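Please consult the sequence and the model shown here while reading.

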Amino acid sequence: MEGFRYQDNELYCEDVALHELPEEFGTPLYVYSKNQIIQNYRAIEEPLKDLDHVVCYALKANANPAILKILAQEGAGADVVSGGELYLALKAGFPPSRITFAGVGKRDDEIEYALKSNIFTINAESAQELQVISRVALRLGVKARVTLRINPDIDAQSHPYITTGLKQNKFGIPAEEAVGVFKFAATMQNLETVGVHAHIGSQITKIEPFVEAANFLTRFVTSLREAGMPINHIDFGGGFAVQYLNVLTHEALPVEPDNAVVPPLRQYMEALVPVLRESGCSVWFEPGRSIVANAGVLLTKVLYTKENGAKKFVIVDAGMNDLIRPSLYGAYHQIVPLKLQTYEHEHADVVGPICETGDFLARDRVLPKSKRDDYLAVMTTGAYGFSLASNYNARPKPAEILVNGDRVRVIRERQTIDQL
Ligand SMILES: Cc1ncc(COP(=O)(O)O)c(C=O)c1O
């Protein structure tokens, strides 16, 4: 089932006409398709069947408890980056043996929580962090399973803010120092070094950097084994791209200038399996965006339209506090009406109510003409949408809705002003 589509000029999520939702639940409103989430997870999972693997959902993309439960029930593992995410993963039912804890700045209490929860592994990012993990493990009287994150210096060719595997990025242990750090870890009695980790970035639209990373890790595992360190676990990270432009096509919609061809998920996985299988390791993946991004939209209402000189503005009730990706990364999200009522297009910026010029959802965009009280959908906002939302300008966070067929469920109530 397609998550979102037009039927009779009305935008649907599964079997629900989206224009029915704002009246009951208000806007801004995040709406997710349950079946699209499941379909995306399975598209990653199925091509991996000949590889010893675990697909760990990266909670940072969207940690709504109802979404976590769907993925835990599908059999996914969890990639967490904080004590809070670990708490949510455990509560949603992810088995501790399928949880990995990443992140460049873990606090001692978060390490203690991970060790007490007996998760599969903590991904350490420096020799100093190994010492801290060892000290906490010693105090608790346990042995800590650790995986070392390597910075392979591979260019993911993505946005600089979400490129993580280059020398100048804060992440991981430099490749040339890595063998030395593995040897150092082996000297600590309270540590068991189980594997090697790399995550080179997010929204990576090319397959080549992934294949390069897979080759790097496979070669690296071989060199560790030759040095007497038997490693059997690779954590390959996430980063698979999704399509943001021309997600919906219709004769009433403008065609967007798309120059980034995004390979289907299956194609990424099929390219990686033969290389990673060579390693003889159990391979874990940490996709976030590719599981939830196209399963979510942000509904917003047009408050005003106005022209300042040469420029037209469509002022909507969703701002950068609800969806920061356009302001933060210049990210592009297709914006479409819930009801297609016109073939007329206009050139406009879609902006929010926040007191910042950087508060925009789209800039210099050709859009179907809109007027006060129209409803719009900001597409492909299931990942890094609500999870990056804030209360800036003392604006309550939006509600979240899950659609399953023709059923609609509130999976997070709208914040109220007395909760601010
Ligand atoms: C260590 C790690 N794993 C996985 C992910 C998820 O990446 P994506 O959502 O692009 O799949 C991230 C994202 O930043 C990350 O830092």
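The protein chain is divided into domain 1 (4–12 + 22–28 + 294–419) and domain 2 (34–288), with bounds that come from an automatic or database domain assignment. The model is predicted: local features need pLDDT of at least 70, side-chain atom pairs count only at pLDDT 80 or more, and totals for chains, interfaces and linings use all residues. Residues are numbered from 1 along each chain as its sequence is written.

The C-alpha centres of domain 1 and domain 2 lie 31 Å apart. To their contact, domain 1 contributes 28 residues and domain 2 contributes 26 residues; two residues are in contact if their C-beta atoms, placed from the backbone, lie within 7 Å. On the side of domain 1 that touches domain 2, each strand in the table supplies at least two residues.

| Strand | Residues |
|---|---|
| S1 | 4–7 |
| S18 | 360–368 |
| S20 | 399–404 |
| S21 | 407–412 |

S20 gives the most to this side, with four residues.

The protein chain has 11 helices and 21 strands; these are DSSP runs (helices H or I, at least four residues; strands E, at least two), numbered from the N terminus. Of its 420 residues, 48% count as buried, that is, 20 or more other C-beta atoms lie within 10 Å of the residue's own; a residue is exposed if the number is 12 or fewer, and partly exposed in between, with C-beta atoms placed from the backbone.

The largest nonpolar core has 123 residues. Such a core is a set of buried Ala, Val, Leu, Ile, Met, Phe, Trp, Tyr and Cys residues joined through C-beta atoms within 7 Å. Helix H8 (residues 208–226) provides the largest share of this core, eight residues. Both domain 1 and domain 2 give residues to this core, so it lies between them. Val 31, Ile 133, Ala 377 and Val 378 have the most contacts inside the core.

Ile 133 also belongs to the buried residues of helix H6, together with Glu 129, Leu 130, Ser 134, Val 136 and Ala 137. Packing partners of the buried residues of H6 include helix H5 (108–116) and helix H7 (175–186). After H6 comes Gly 141, whose phi is positive, near 70°.
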